[in-house]
Amino acid sequence: MAALRVIQCGTGAAGKEALRAIIDRPDLELAGLLVARPDNDGRDAGRVADRAETGIRATRSPDRLVALDADIICFMFVVPDLDLICRFLESGKDVVT
């Protein structure tokens with residue numbers, strides 16, 4: 001069975017733990033990372049999560065992530081952005097929050 005491709009949204013306390021779990025699990029593949037903080041934009045997701053580099057660069061651009069091929073969105077921003085969540089759903093991705 002192929003790994004599920006996951007986009008992580010948010011890197012606060014809970015979001016960073018989720019990001020670590022995604023990186024650490026062999027049945028999950030990190031496909032993208034949406035961040036709010038400008039200083040994380042462009043950083044390797046592994047470095048954001050205090051892990052080895054993943055080759056996935058964090059972005060502040062939701063448009064980039066809506067366009068990505070992924071199975072599921074792990075949406076962990078403190079304030080849910082319903083418009084963005086709907087865009088992810090309309091692009092064929094499942095969303096958990």
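**Close-up 1. Asp-50 is exposed, with a relative accessible area of 56%.** Here exposed means over 50% relative accessible area, buried under 20% and partly exposed in between, with a 1.4 Å probe and protein chains only. This is a predicted model, so local features need pLDDT of at least 70 and side-chain atom pairs count only at pLDDT 80 or more, while totals for chains, interfaces and linings use all residues. Residues are numbered from 1 along each chain as its sequence is written, and side-chain values use heavy atoms, leaving out hydrogens and water. Asp-50 sits in the loop between α2 and β3 (58-59); helices (H or I, at least four residues) and strands (E, at least two) are DSSP runs, numbered from the N terminus. Its phi is near 60 degrees, a positive value in a residue other than glycine.

**Close-up 2. Asp-50 and Arg-20 meet in a salt bridge through their side chains (3.1 Å, N to O).** The pair links distant parts of the chain, with Arg-20 in helix α1, 30 residues apart from Asp-50. A salt bridge is a side-chain nitrogen of Lys or Arg within 4 Å of a carboxyl oxygen of Asp or Glu. Arg-20 counts as buried, at 16% relative accessibility. Glu-17 joins Arg-20 and Asp-50 in a network of salt bridges.

**Close-up 3. Another salt bridge ties Glu-29 to Arg-5, with the closest N and O atoms 2.8 Å apart.** Again the pair links distant parts of the chain: Glu-29 belongs to strand β2 and Arg-5 to strand β1, 24 residues apart. Glu-29 is partly exposed at 35% relative accessibility, and Arg-5 is partly exposed at 22%.

**Close-up 4. Strand β4 (residues 72-75) runs parallel to β1 (residues 4-9), joined by four bridges.** Strands pair if DSSP finds at least two bridges between them. Val-6 stands opposite Ile-72 in β4, and Ile-72 has Asp-94 as its bridge partner in β5.

**Close-up 5. The largest nonpolar core holds 13 residues.** Such a core is a set of buried Ala, Val, Leu, Ile, Met, Phe, Trp, Tyr and Cys residues joined through side-chain atoms within 4.5 Å. Leu-19, Ile-22, Leu-30, Leu-33, Ala-45 and Cys-74 touch the most other members. The largest share of this core, three residues, comes from α1. Leaving aside residues up to four places away in sequence, Ile-22 touches Val-6, Gln-8, Leu-28, Glu-29, Leu-30 and Cys-74, a contact being heavy atoms within 4.5 Å.
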